[in-house]
Amino acid sequence: IFPYILDMFLKTIVNLLKVFFSTLLKNPQIYKFMIVGIVNAILLLVLTIFFTDYLNIFYLLSSVIAYEITIILGFIVHEYWTFVKVKKITKSYVRFLKYNIFYFLGLVIHSGFVFMLTNFFELHYLLSQLIAIAVVFLFNFFISKKITFKN
């Protein structure tokens, strides 16, 4: 069953990449989303290093704490910059709740990748973090565009 799940997962990633790159050429929001994502990824890595190496917090907990901080900052920037031109019909707190729920799902995916890559594939936790960031970026963009900030 694991090879089947892995095959389905890889096909899904390939399809998401196809949609992502076709959208990239047509939608300026994705450029802003990427900039926010890159800044958040750097912040996520810096915070994870800080919490893990300097505060001696378990790497997975460090990752979760850092991820939640970037969720909050990301929402604020997306609300007032990335998706500022989208006419919003829901209240800001409703969008924030949606954003947090879906990014929590992204956090679960992200943490699963970090755990799996670090413990089973014995990658350094920062390399695991980078791979997880790349996978979850695609998920987060489509959820944000299609659900959270959709008018």
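Is Asn56 buried or exposed, and at what relative accessibility? At 65% relative accessibility, Asn56 counts as exposed, where exposed means over 50% relative accessible area, buried under 20% and partly exposed in between (1.4 Å probe, protein chains only). The model is predicted, local features need pLDDT of at least 70, side-chain atom pairs count only at pLDDT 80 or more, and totals for chains, interfaces and linings use all residues. Residues are numbered from 1 along each chain as its sequence is written, and side-chain values use heavy atoms, with hydrogens and water left out.

View 1. Asn56 lies in the loop between α2 and α3, with helices taken as DSSP runs (H or I, at least four residues) numbered from the N terminus. Its phi is near 55 degrees, a positive value in a residue other than glycine. Most residues other than glycine have a negative phi. In the loop between α4 and α5, Glu122 has a phi near 55 degrees, again positive in a residue other than glycine. Glu122 counts as exposed because its relative accessibility is 69%.

**View 2. Packing of α3 against α4.** Helix α3 (residues 59–82) and helix α4 (residues 92–120) pack at about 145 degrees, with axes 9 Å apart. Axes are lines fitted to C-alpha atoms over the stretch in contact, and angles run from 0 to 180 degrees between N-to-C directions. The α3–α4 crossing is right-handed, meaning that the near helix is turned clockwise from the far one by less than a right angle. The contact of α3 with α4 has 14 nonpolar, 10 polar and 3 charged residues; Ala, Val, Leu, Ile, Met, Phe, Trp, Tyr, Cys and Pro count as nonpolar, Asp, Glu, Lys and Arg as charged, and the others, Gly among them, as polar.

**View 3. Packing of α2 against α5.** The axes of α2 and α5 come within 10 Å and cross at roughly 145 degrees, and the crossing is right-handed. Residues making the contact (heavy atoms within 4.5 Å) include Phe33, Leu44 and Ile49 of α2 and Leu130, Phe137 and Phe141 of α5. By class, this contact has 13 nonpolar, 6 polar and 2 charged residues.

**View 4. Nonpolar cores.** A nonpolar core is a set of buried Ala, Val, Leu, Ile, Met, Phe, Trp, Tyr and Cys residues joined through side-chain atoms within 4.5 Å. Of the 23 residues in the largest core, Phe33, Tyr67, Tyr99 and Tyr103 touch the most other members. The elements giving two or more residues to this core are α2 (29–54), α3, α4 and α5 (125–148); the largest share, 7 residues, comes from α2. A second, separate core of 9 residues includes Tyr59, Leu60, Phe113 and Tyr125.

**View 5. Aromatic pairs.** The whole structure holds 15 aromatic pairs, defined by ring centres of Phe, Tyr and Trp (its six-membered ring) within 6.5 Å; planes under 30 degrees apart count as stacked, over 60 as edge-to-face and the rest as tilted. Phe75 and Phe96 are edge-to-face, because their centres are 5.0 Å apart and their planes at 70 degrees. Phe75 lies in helix α3 and Phe96 in helix α4, 21 residues apart. Phe75 is buried at 5% relative accessibility, whereas Phe96 is partly exposed at 28%. Tyr99 and Phe149 are also edge-to-face, at 6.0 Å centre to centre and 65 degrees between the planes. Both Tyr99 and Phe149 are buried.
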